[in-house]
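Have a go at each task before you read its solution.

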Amino acid sequence: MSTRRSFLGTATAVGALALLDGADAAAAAGPDAAAPELPARHAVLAVDTATQRHYDALRAELARRLGPVIVVQNDDRGGLYTLVHHGTRESAHPVPALFALAKSIAHAPLGIYSIVAPYLDHRVPGLPGAPRPDRHDLRMVAFKGPRTKDWVGPLREFGATLTTARRQLGDARLPRELAASSAQILDAAVEFAEGSVRRGAFDMRSFEHFTSGLDDAIGTNLSYAARAQIAGVEGLMKRWRAEVGEADWPGLYVVVLSIWTTSAPNQNSLIVKRFLDPATADVHLIDLPTAQLPADPVLVALDNLARIVQDNVAAELVFPTDRKLADALKGPEDLLAPAIRRQLACPYRTSAAPRKDAGAAS
């Protein structure tokens, strides 16, 4: 996990910088003064280089031995699930197609927004009862402004996609309530797209008029999507629990990979947590936010989990008498965070003060 690697990597970077600064100072004092300092600092930094090498070797070997582990990569189909156990892997998309269908229609207003947002006016209309966007954020999103009509072509094209979906909605064989809410969303979306293209104009007020009446319909679609996801994931978890066995199941780790905006909490995390041992669920369920979903989610998940597991043991051995430092090493907190927090609170602390605090924490 990044916490430990950040600490190790930062130590090397800071040491290298200090080495250069010290070498410059020693050189200014004369060649004889610099001669012993440079190799000595190299020798000191070699400790960290070797530590990283051995740490990485342990992590790589441990990653190959982890199990049972379930890796979940969120996607448009409700999540790709992979069980790793006894050297074997099984992957499945357990969520039925109704999940993707319901969410697809619910996303229609977001699709229109994605087309027109860059062309919004930076001036926010005074609409009562509605939260206003942050003005700085609005300026960044509306980077083109209303002076150009480059949005007309993309919105016309998306409107055609919406029209086709609406025309064929009856043949999708959706549950009656879901079909009705989907029709309401599509009708409103088509009306906004066609009307805006025809007028060659839109604004924040017209967009909010389009979306303000869709809350209940979108909520219905999300309810159907949630029901489908819960049913699919629960069925798979029950089957895998029987396959893993009651002896191994309490040690199960679940790593859920998702982009940051859907990670706290992630919908898959909410479902799978109920299947974990209550005594360890909070630490055995790992939500792993990523900037982009990885091409190999299992590799990324096992690499990060190996760091977590080996640090859990290292914390108890390296800091057996200091609970605060042990918790920092084995948790998401950076190992340097306690010292930085103390010094930010009181920048005039002496070097002896942190040592006293560390001893008091034991």
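**Exercise 1. Work out how helix 3 and helix 7 are arranged, and what sits between them.**

Step 1: Find the two helices in this predicted model. Helix 3 covers residues 97–106 and helix 7 covers residues 176–199.

Step 2: Look at the axes. They come within 9 Å and cross at roughly 30°. Angles under 35 degrees count as roughly parallel, so helix 3 is roughly parallel to helix 7.

Step 3: Check the handedness. Helix 3 passes helix 7 in a left-handed crossing.

Step 4: Pick out the residues that touch. Helix 3 brings L98, A102, I105 and A106, while helix 7 brings L178, S182, I185 and L186.

**Exercise 2. Decide whether I70 is buried or exposed, and list its contacts.**

Step 1: Locate I70 in strand 1, which spans residues 69–73.

Step 2: The relative accessible area of I70 is 0%, and buried means under 20%, so I70 is buried.

Step 3: List the contacts, skipping neighbours within four places in sequence. I70 is in contact with Y81, T82, L83, M237, W240, W249, L252, Y253, V254 and V255.

Step 4: Take one of these partners, M237. I70 and M237 are 167 residues apart along the chain, yet their C-alpha atoms are separated by 9.6 Å.

**Exercise 3. Track down some salt bridges and say how accessible their residues are.**

Step 1: Start with the idea. Side chains of opposite charge can pair when their charged atoms come close. For counting, the side-chain nitrogen has to be within 4 Å of the carboxyl oxygen, and the count comes to 17 salt bridges.

Step 2: E61 is partly exposed at 30% relative accessibility, whereas R65 is exposed at 62%.

Step 3: Now try D187 and R166, with closest N and O atoms 2.7 Å apart. D187 is partly exposed at 39%, and R166 is partly exposed at 30%.

Step 4: Finish with a group. D56, R59, D303 and R307 are linked in a network of salt bridges.

Notes. Residues numbered from 1 in each chain as written. Predicted model: local features only at pLDDT ≥ 70, side-chain atom pairs only at ≥ 80, totals over all residues. Heavy atoms only, no water. Axes fitted to C-alpha atoms, helices over the stretch in contact; angles between N-to-C directions. Helix = DSSP H or I, 4+ residues; strand = E, 2+ residues; numbered from the N terminus. Parallel < 35°, antiparallel > 145°, perpendicular 65-115°, else oblique. Left-handed = near helix turned anticlockwise from the far one by under 90°. Contact = heavy atoms within 4.5 Å. Buried < 20%, exposed > 50% of the residue type's maximum accessible area, 1.4 Å probe, protein only.
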